[in-house]
Amino acid sequence: MNFKRRAAAATAVLAVAAAGLVAVQATAEATQTESTARPRACPGLLVTEGWYGANRARLQRMIDAHGHCGPRSHQGGARPVATFDWDNTVIKNDVGDATLYWLLRNGRIRTPAQGDWHTTSRYLTDPAAKALAKACPDTAATLPTRRNTACADEILSVYGEGTTTGGAEAFAGYDRRRMEPQYAWLAQLTRGWSTRQVKDFAAAARKENLAAPVGTEQRVGSGKVTGWVRYYDQQRDLIRTLKKAGFDVYVVSASPEPVAEVWARGVGIDARHTLGIRNVTSHGRLTAHLKGCGTVRDGDDSMITYIDGKRCWINREILGVRGAAAEKVQPAARRQVFAAGDSDTDVSFLRDATGLRLVLNRNKDEVMCRAYDDADGRWLVNPMFLQPKAAKADPYPCASTGYTGRDGKRGPVRRSDGSVIPDQKDTVHPASAPSSGPQD
């Protein structure tokens, strides 16, 4: 009996010890769970319509992976960066165009110094300068473009078509990978005004274009031009979600920076997070000269936020890279995680993104060649969320003329390893598009 009692006692002791170990383990697991709990719920994308295939799901996985509650959380260090082009990426249509149309309709473009149109752009050709001088009188401080349709038409043609109304080339002698003189010209035409005044002009244009029904045209000069703009609900939602997840979100536009700032506020992005074409200022007024980046000095007017210029401005202003190095591709750890664009204008900063690259399909050769080739599996192609393009009938000429060199010559689009991208079929396009009403 003594042996049995001792055995029973030992069994009881072991049972108590085992129970204690279970309790200790449960406490430890609870403590560990509590210590690793997310401080707040992971933000999710809310808008479901308009996303093609698995794009929305892949964007959500990227946000979850790099945001504040993911395994790659940057808490305690640099926040992950997301960069968005603006025109036709976050909104439908072009806010630079909308602003120029407003300036012309309201007679807010200053007469060039001494009536010399060459002072508005170092790349303006002699035929263009002569055509503008002939059409636009220099008898007043501002041009009478509200009633002088010939002057308005000539400015519109030079800006929009890159030619005079007579068909002569309007700009020459620029680097096609870092400058688009037509885009730059809008910023240069704001010379003589203060930044605050240009913002007021942009705000007036914004109000008109958001209130106008989709499809509205307005008369400028003797013709009709687009008269409406819309924010994309999907991009508003994406930007909101990225910000809530801890991303630093920036707009990088080839429109004048004061104009982009006015519009970016509509998606919750402030002036500090908005980059665009910057004018050199003098005595509180904008001049026709532009600020530079990298090896380009202020006033050289040879680089704007365009293709390789966008890379430079992102590297310098967002990622803190100084000097000539800002023009170069940075190590992966110093680059943006996400980028979104719609055009060849955006191709360099899109390629720099280390996570995902979203391209809205506007049938632009180089960017679509790279996106459809998807060499590293990080490109997403989505139709435009309003009035998307129909399928392109012919393949993109990636292997022959899809790339535009610095001198303007066309050639094949090459991957990072130098290999040529074969021609690509246009496969991402919806059967129908969503509609949208007025916005505020």
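This is a predicted model: local features need pLDDT of at least 70, side-chain atom pairs count only at pLDDT 80 or more; totals for chains, interfaces and linings use all residues.
A residue is treated as buried when its relative accessible area is under 20%.

Distant parts of the chain are joined by the pair, since C136 lies in the loop between α4 (126-135) and α5 (149-161) whereas C151 belongs to helix α5, the two being 15 residues apart. Because its relative accessible area is 4%, C136 is buried, and C151, at 0% relative accessibility, likewise counts as buried.

A disulfide also connects C293 with C312, at an S to S distance of 2.2 Å. The torsion about this S-S bond is about -95°, and the disulfide is therefore left-handed. Here, too, distant parts of the chain are linked, with C293 placed in the loop between β9 (285-290) and α10 (308-318) and C312 in helix α10, 19 residues apart. Both C293 and C312 are buried.

In the disulfide formed by C369 and C398, the sulfur atoms are 2.1 Å apart, and the value of -95° about the S-S bond corresponds to a left-handed link. This pair again bridges distant parts of the chain, 29 residues apart, with C369 in helix α12 (residues 365-373) and C398 in the loop between β12 (379-383) and β13 (403-404). C369 counts as buried because its relative accessibility is 0%, and C398 is assigned as buried on the basis of a relative accessibility of 0%.

Definitions and conventions
Residues are numbered from 1 along each chain as its sequence is written. Side-chain values use heavy atoms; hydrogens and water are left out. Helices (H or I, at least four residues) and strands (E, at least two) are DSSP runs, numbered from the N terminus. Buried means under 20% relative accessible area, exposed over 50%, partly exposed in between (1.4 Å probe, protein chains only). A disulfide is a pair of cysteine sulfur atoms within 2.5 Å.
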